[in-house]
Structure formats: C-alpha cells, structure tokens
Amino acid sequence: LRGVHGSSFSVAKVLSRLSSRLHSTRGRPSAPLGSRILTKNDDIFKHNMWDHVQWTEEEKENARQKAKENSSTQIPLKEQGTFDTEACQYWDKFYQMHQERFFKDRKWLFLEFPELLPYGAKGQNANGRLGDQQASHPRPTGSSPTDTETRLQQPNGPTHHHRNTTPPDHQGAAPEKNKAPKQTPTFPGQQSSFRILEVGCGVGNSVFPILSSIKETDAYLYCCDFSPCAIQLVKDHPDYSDSMCHAFVHDICEEASFPFPPKSLDVILAVFVLSSIHPERTQGIVKRLSTYLKHGGIFLFRDYGRYDFSQLRFKKGRCLSENFYTRGDGTCVYFFTKGEVHDLFSSAGLEEIQNLEDRRLQVNRGKKVAMHRVWMQSKYRKL
C-alpha cells in the first residue's frame, strides 16, 4: 500500500496504526462529518472513505516535512502576479475544457448544512433520497407550526410571520378603494422570504441540488462565479429556472455591488472557493459578503485543510507563498487551519457556530491506495 507521504506500507501495518488511534475517538460525534469509523476488525478497503481519522505524531511530522519540502522553491515574485490578475481566464479555460463533467453534484450538502433549507423543506441526503429537514433546521423566532401561516419578508429586515386571514377576492367584487397597487420587485427574489447566495458556484454542483430541494417553498437562490463560461452552463441547464434562481457573473475580489441590497440574505454558501484566492484578499472578501447577511443570517464554509493529500502531493516549484500553490492549469489553492478560519470570520464580526477539521481516510480500492484528506467545515452567524 502506498500512503500519502510516498512511503510504502503493508495493509496490516496501516490497519494496526489506524485502529489503535481510532479507538481513541470514542465520544466523538457521529454527525456531523460522518460516522463510518475504522476499527481493527474492519477491512480498510471495504469502503472508499473512513470518517474521524486521527493522525499519529509521526504522520503529522511527515506531513509538515513534506509541505516544507514542496514549498522550499517558490515561483519568483515577478511571475506570481499573473496567477492573480488572470485567475478568471484560467478558470474560464478550465470550464470550457471540462464543462459540467469534472465535479459531482454535492448531495451531501443538506446533511452537513441543513441551514440551506427553509423550515419544513425537504433536502436530498447523501444517497439522493429526500429527507425532512424540520428537526435539523430551527424554526425562525416568532413562528408557529401551523399550516395556515405565510412568511412575509422585508428586504432589509428580519423574517416576520403573519396568519393569513384575508379571504380570496370574489369574482366581480368591487376593488377596495384604499388597496395599494401591486409593487414591481426592485431586485430579483425580493418577494421571497428566504434568500441564499452561493459564491463561486462553478457549473452548479451545489445549485441544482439546492433548487431541487427548494421547489414549492418561498426560497430563492442567487449564484455567481467570475467565469462567464460557468454561468452560461448553469443557465443552460434544464433545471435552471428564473423563478427560483438568479445566476450572474461576479468577481467577489472586486468591490462591485450585488443585484440585491445589504442585509437581505439568510444564507451565504462558499464551498471550495476562498482557497482559490490569494490569502491576503480573503479577509476583505468575507467582510464585504457579511454585509449582505440579515441579522441572524448564516455563513456556511467548506474548503481545504492544512496538510490535505492534495497539498502534500505538489511538486517543488508550484508554491506561490506559504501553504498557497498553483496547479498546472494556472488555478490556485490555499490550505487553511482551524485557527485561520476562526480569525477570518470572527474578524468580520461573525459568531462561531461550528468550526471543524474534517479528517478522513480516502481509499482507492482498485489501486489499493489510502490517502489522508483534510477539509475545514464551518458555520458563522451574523449577530
């Protein structure tokens, strides 16, 4: 068996080392982040992923040394600017080449991020089945569980609930003299009471699972990417609907305005997006995005963690700065720590709800290869 650090291990040795440390995970929550725990009696190749894997001190040191080695030779500063100024072109070429074939739809979203769904909606779980999200997504303050409620939303204010007691108009009835004329929405999704923004949406691997789950609800989804090719692919998808979604080209590194006002969003979703941006720019991005959240709104984040397999396999000469690399196609990636994520969102005035380091063992059963994966998963609330 060839491990992530390039050393060869026997299956027995890997099982012995993994099982000894995984027994110490007793008491760790089975959810979030899965509940498939490897024990000494398990066949490591029985599944393609094992959850809550703890590293030994030896493995941690090996990872540090590998990262130190592959970052010892950095791309010259005079050449680095291209990867920032031409990032849009690199990603546009990526989507032109791969179209919608590279990434899979993220059907796990609603298991880890039930906050994406308004109360009472049903979301797809990891196996594609619909599951009721009522228990996992708290009812907004002031609501009651009756079926006769309608949710009315002020664009910049909190969600209010009112009981619908007005009878329907009868045919031929005289119009009310003081009835206000119907107002034309000033921005897409204005009449929805629950609004979601996904930044860096790519070709819609989160968009379409979300749209499938918010049908027949009062939710609305905005999604943006700075790649015109990616946004066009989203709009050309058969499940795209202007009535539920507004896809638009937008570079979150720029200070351009969004097609909705500040304090109008319930949820912001950023999945494997901030890692593609130079780490010196991410703080400003999170601060700007946070201004669009309502009070009590949630920022959901998932991205690469420090010493993930994909970091350790970089060759010398691909490093831009500490823990920040460029791939062969010109796209970039940064690897976060738990502390960095906390500082990033707390400095934007957000309150921590969840900040987890997701350590898993990913197995290629065909090639008999085991890889240590590290991802960050976080939730922060606007006070």
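Me: Which residues does Phe299 touch, not counting residues up to four places away in sequence?
Reply: In this predicted model, Phe299 touches Ile268, Ala270, Val286, Leu289, Ser290, Leu293, Phe345, Leu350, Ser378, Lys379 and Tyr380.

Me: Is Phe299 buried or exposed?
Reply: Phe299 counts as buried because its relative accessibility is 0%, and the cut-off for buried is under 20%. Phe299 is also listed among the residues with the most contacts inside the largest nonpolar core, which has 39 residues. Elements that each supply at least two residues of this core include β6, β10 and α10.

Me: And how do the rings of Phe299 and Phe345 sit?
Reply: They form an edge-to-face pair, with 5.0 Å centre to centre and 70° between the planes. The pair links distant parts of the chain, since Phe299 is in strand β10 and Phe345 in helix α10, 46 residues apart.

Me: Switching topic, why is the pair of Phe314 and Tyr325 called stacked?
Reply: Their ring centres are 4.6 Å apart and the planes are at 5°, so the pair counts as stacked, for which the planes must be under 30 degrees apart. Phe314 lies in the loop between α9 and β11, whereas Tyr325 is in strand β12, so the pair ties together parts eleven residues apart in sequence.

Me: What stands opposite Tyr325 in β13?
Reply: Val333 does, and β12 and β13 pair in the antiparallel sense over three bridges.

Me: Which strands form that open sheet, and in what order?
Reply: The order is β11-β12-β13, with antiparallel pairing. β11 and β13 each have a single partner strand, so one side of each is left without a neighbour in the sheet.

Note on methods:
Residues numbered from 1 in each chain as written. Predicted model: local features only at pLDDT ≥ 70, side-chain atom pairs only at ≥ 80, totals over all residues. Heavy atoms only, no water. Pairing = 2+ DSSP bridges. Helix = DSSP H or I, 4+ residues; strand = E, 2+ residues; numbered from the N terminus. Core = buried A, V, L, I, M, F, W, Y, C linked by side-chain atoms within 4.5 Å. Buried < 20%, exposed > 50% of the residue type's maximum accessible area, 1.4 Å probe, protein only. Contact = heavy atoms within 4.5 Å. Phe/Tyr/Trp six-rings, centres within 6.5 Å; stacked < 30°, edge-to-face > 60°.
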